[in-house]
Amino acid sequence: MATSTRPQAVATDQVVFLLDVDNTLLDNDRLRDELMQHIEREFGAGSGDSYQQILEQLRVELGYVDYLGALQRFRLAHMDDARVLLMSAFFIDYPFADLIYPGALDAVAHLRQWGRTVILSDGDVVFQPRKVQRSGLWQAVDGRVLIYVHKEDMLDAVARKYPARHYVMVDDKLSLLTAMKHSWGQRLTTVFPRQGHYAHDPAIIAAYPAADISVEHFADLVTHDFSALAAAA
C-alpha cells in the first residue's frame, strides 16, 4: 500500500508570540560581565579587554555574539597556557537559570492564554541552544525554539514553521523590531522591554521609531491583556 509523501498540514494559530532571549528573557549583560571578570582573574589585567575586542569583531563579521568563536581566537595568543582549556567549564557549566529575569517565566505562561509562545533568537549552533536548554527556557515554550544567524531575514521560515494570523515580537533591540515591522507591517505587533544596554542606548533609541508596546521589564507583560489583539486576528 502506497504511503503519502505530502507534508503534514500545520494548524494556523490566531496569535504567535515570538520571544527573544538575550536581555529579553535572560540577563545576558550579567553573563558578559561575569565572563570578563573571570577572564581578568585568570589571565590578568587587560585580558578582558582583549577578549571583548575579539568578541565585537566577530559580532560585526557574523551578525551575532559568538562567545565560543571569540574564545578560539583568544586562545591563539595563549597557546601555551593550559588555563584557556579550563574556560570551557565556565561556558558549559554556567548556571544559566540564574540569569532568567524575575517574573519572566510567569509572563511567558501568561501569554499562552492567547497563543503559542516561540523563542526566536540569533546565535551560534552550540552555545545559544545550550543557554536556552540549561536555563529552562526550552521547556518553558515546550521546545518551540528557533535560532538563526539573522532572524529578521528568516520570517518566511518562521511563518512556515508556526503559521499565524498575527505575530507579537518581544525584543530588546529596536533595530530588529523595526526591520520585522517593515517586513510584516500590520501583521506584527512589536513589544520593546527596556532591558539591557541596547535598550538604554540614547543613540539607538533616537535612531528608530517606537515599538507598538513598551514596558520596563518583560515581566510587566504578566498584567497585559492581549484579548483584543487575539479577537482582531
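Colleague: Which residues have the most contacts inside the largest nonpolar core?
Modeller: In this predicted model, the largest nonpolar core has 49 residues. The largest share of this core, five residues, comes from helix 1, which spans residues 28-43. Those with the most contacts inside the core are Y51, F91, F218 and F226.

Colleague: Is F91 buried or exposed?
Modeller: Leaving aside neighbours within four places in sequence, F91 is in contact with L35, Y51, Y67, L68, L71, F96 and F127. The relative accessible area of F91 is 2%, and since the cut-off for this class is under 20%, F91 is buried.

Colleague: What kind of aromatic pair do F91 and F127 form?
Modeller: A pair of aromatic rings is described by the distance of the centres and the angle of the planes. A search of the whole structure finds twelve aromatic pairs. For F91 and F127 the centres are 5.4 Å apart and the planes stand at 85°, and because an angle over 60 degrees is the criterion, the pair is edge-to-face.

Colleague: Which residues form one aromatic cluster with F91 and F127?
Modeller: Y94 and F96, both of them buried, form a tilted aromatic pair, with 5.2 Å from centre to centre and 50° between the planes. These two residues belong to one cluster with F91 and F127, and the cluster also takes in Y67 and F90. The residues asked for are therefore Y67, F90, Y94 and F96.

Colleague: Why are the buried residues of helix 9 on the same side of it?
Modeller: The buried residues of helix 9, which runs over residues 174-184, are L174, L176, L177, M180 and W184. What covers them includes strand 1, strand 2, helix 8, strand 4, strand 5 and helix 11. They are on the same side of helix 9 because the arc they cover around the axis is only 160°.

Definitions and conventions: Residues numbered from 1 in each chain as written. Predicted model: local features only at pLDDT ≥ 70, side-chain atom pairs only at ≥ 80, totals over all residues. Heavy atoms only, no water. Buried < 20%, exposed > 50% of the residue type's maximum accessible area, 1.4 Å probe, protein only. Helix = DSSP H or I, 4+ residues; strand = E, 2+ residues; numbered from the N terminus. Arc of directions from axis to C-beta. Contact = heavy atoms within 4.5 Å. Core = buried A, V, L, I, M, F, W, Y, C linked by side-chain atoms within 4.5 Å. Phe/Tyr/Trp six-rings, centres within 6.5 Å; stacked < 30°, edge-to-face > 60°.
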